[in-house]
Number of protein chains: 2
Amino acid sequence: MKITEIDTPAVLIDVDRAEANMQRFQAYADSHNLTVRPHIKTHKLPRFAKRQVELGAVGITCQKIGEAEVMADAGIQDIFLPYNIVGASKLDRLVALNTRVKLAVTADSDVTIRGLAEAFKDTAKPLDVLVECDTGMGRCGVQRPDQAVELAKLIAASKGLNFAGFMTFPKPGTVVQTEAFLAEAKQKALAAGLDPRIISNGGSPDMWQAHEVSSATEHRPGTYIYMDRYQVSKGVGTWEDCALTVLATVVSRPTDDRAVIDAGSKALTSDTLGLDGFGRIVGYPDAVIASLSEEHGVIDLTACKDKPQIGERLRIIPNHCCVVSNLFDRVILISRDDVIEITPVAARGRVD
Amino acid sequence: MKITEIDTPAVLIDVDRAEANMQRFQAYADSHNLTVRPHIKTHKLPRFAKRQVELGAVGITCQKIGEAEVMADAGIQDIFLPYNIVGASKLDRLVALNTRVKLAVTADSDVTIRGLAEAFKDTAKPLDVLVECDTGMGRCGVQRPDQAVELAKLIAASKGLNFAGFMTFPKPGTVVQTEAFLAEAKQKALAAGLDPRIISNGGSPDMWQAHEVSSATEHRPGTYIYMDRYQVSKGVGTWEDCALTVLATVVSRPTDDRAVIDAGSKALTSDTLGLDGFGRIVGYPDAVIASLSEEHGVIDLTACKDKPQIGERLRIIPNHCCVVSNLFDRVILISRDDVIEITPVAARGRVD
């Protein structure tokens, strides 16, 4: 089967590019003695999670228990959930999951830690807990290294829990301040007699500088497997590395300077990540995807010499590939122009 | 079962509010002799499509053939697809669908019309086709009334097709220019001996002014059934009319002025529709959902006197309810605090 036989909109995954992207970062990490723990939110496919582990990843990262359950079912043995797990229902599932795989979570408050401890206090296998540190992202995480160590002590003192280290999702471009925070937390933890065995750093945007965060023992890139317009804008990869494209059809040419495609926010999402427009059209670099409604993408062709016609099929590199994976029940795995397999996105839509 | 037993994030649909919203617009349209043809993209649920018809809607509007197939399977008999259907695969499905239900589509180019004619020329039942008019939205549609009439003639002259009228999705706030375009297209069509039987206007933002577009015979509101933050900002409904809320849990309070919830762009979407922030938190009107990543919503509490604590569950009225429906495999139907039913979103993710 060829790509030309696939109806639109559809998500195409170039498996050769994905393989090269996985190998490239694994080789980099190996050369710097960094453990790789890829975030599967980008692909949500057991196939790629297994391949990442085959290539040398120590395990995977999931954001939701539902994703972790899918991956455990598929045979993945080592899963990190860098999330504050709160509430009875999720804690029950976490206890069950911990009996099946090597598992770790994060916490950034005594409330979360006490909830975890209550759930795990009578279990046979303690739960690994890392303290989440806000090294600049402004999302979750303790604000200062001394707070991180206070929580580390609380974890270490909690029956059923095991203090495993520190974790951050850094703000892109803040390698120096990330390292400063983590190094101080590590030093203070050691001074308190604690062993921060894992120091887990994250993100694709700074992944080629991951070794500069020298306190970190592992890195959790997600987007690196597919790349996208945002990562290219940050210099993390090139257009030729982009493995995920959205295949769309031009359905209207209302004016000389406007085309409308059958991919809107339900295919590309409204994520801009600070970029202008909603994706890059392969072969039409001067075209601007100016606006999206749910089922329409409006393209400004003002700057284009050649202009696509009604019925023409376009391939679009989205701003943010991870969110695209979550919108499609299945993706099309391709090699050059051949369809290799149409595969369900097994961990799509796992909201809790 | 009570709402308190539902894990988060989840989508709650207040069926009493949805019912009142449906009845309110149907009564308005009845009083103005306007046909209602609700867009099911908002709810994607056969249950509500059937209820809309029971209350007096002439049929429904879908944006994708896949949505229409789900609704036909559920027993809906009259479906309008205001979309340029392009490509062999979709045309085959359209032919099949036309044997099952009363069906109509739109076209805004001779290319689309010739494709439809080729597919339907030997079928027993002709396909109703309306000409899409761009009355100001800048999306699909012919640019001038005379172009609309030229395409109407082409449809009328095509074996297998039946010219059924004109359709627009207007730019919000352009009632006068929408009416001017449609009135001119109608008059020119009549002068050419054509009968624009249906003149279909759309959208919730201007639905209470729908009668001012006096050439229109029908209106296609979508969002009106649930309402959302955007519609409230436009004065279409009140906060008390909002039937869809996202239930989320506070998982982190990293600073005095920041809370993080377990609903990010995978639950609320990145749609801003020009608004600041990503939703309104019921009970915390001064809280600002300042940023989203996929699984985290970061809330700025600076302006709040009372501040939610870790573990507290919040209900959020999203900026745009339609895109939220597309992200969840199932929604929770509620009446006050009682869970009535947990129902699959049958037409979710129908991308083609």
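**A walk through a two-chain model**

The model is a predicted one. Several residues of H6(A) are buried, namely Pro145(A), Ala148(A), Val149(A), Leu151(A), Ala152(A) and Ile155(A). Viewed down the axis of H6(A), these buried residues fall within an arc of 165°, so they line one face of the helix. An α-helix has 3.6 residues a turn, so residues three or four places apart point the same way.

The buried residues in H6(B) are Pro145(B), Ala148(B), Val149(B), Leu151(B), Ala152(B) and Ile155(B). Because they cover an arc of only 165° around the axis, they sit on the same side of H6(B). What covers them includes strands S5 (102-107), S6 (127-133) and S7 (161-168) of chain B, along with helices H5 (110-120) and H7 (175-191) of chain B.

The strands just named in chain B belong to a sheet. Eight strands of chain B form an open sheet with parallel pairing, in the order S2-S9-S8-S7-S6-S5-S4-S3. Strands S2 (35-36) and S3 (60-61) of chain B stand at the edges with a single partner strand each, so one side of each has no neighbour in the sheet. In general, strands of a sheet pair through backbone hydrogen bonds, either parallel or antiparallel. S6(B) and S7(B) pair in the parallel sense over seven bridges. For Leu130(B), the bridge partner in S7(B) is Gly165(B).

Next comes the division of chain A into domains. Domain 1 of chain A is made of residues 3-10 and 236-344, and domain 2 of residues 32-225. The C-alpha centres of the two domains lie 34 Å apart. Their contact takes six residues from domain 1 of chain A and 13 residues from domain 2 of chain A. On the domain 1 side, H10(A) gives the most, with three residues. By class, that side of domain 1 of chain A has four nonpolar residues, two polar and no charged.

Lys234(A) lies in the loop between helix H8 (229-233) and S10 of chain A. With 16 other C-beta atoms within 10 Å, Lys234(A) is partly exposed. Leaving aside its neighbours within four places in sequence, Lys234(A) is in contact with Pro172(A) and Pro205(A). Lys234(A) and Pro172(A) are 62 residues apart in sequence, yet 9.3 Å apart in space, C-alpha to C-alpha.

The last step is from one chain to the other. In the model, 50 residues of chain A are in contact with 50 residues of chain B. Helices H4 (88-98), H5 (110-120), H9 (265-268) and H10 (321-325) and strand S10 (244-255) of chain A each supply at least two residues of the side that touches chain B. The largest share of that side, six residues, comes from S10(A). By class, the side of chain A that touches chain B has 15 nonpolar, 21 polar and 14 charged residues.

Methods
Residues numbered from 1 in each chain as written. Chains lettered and ligands numbered in written order. Predicted model: local features only at pLDDT ≥ 70, side-chain atom pairs only at ≥ 80, totals over all residues. Contact = placed C-beta atoms within 7 Å. Helix = DSSP H or I, 4+ residues; strand = E, 2+ residues; numbered from the N terminus. Nonpolar A, V, L, I, M, F, W, Y, C, P; charged D, E, K, R; others polar. Buried ≥ 20, exposed ≤ 12 C-beta atoms within 10 Å, placed from the backbone. Arc of directions from axis to C-beta. Domains from an automatic or database assignment. Pairing = 2+ DSSP bridges.
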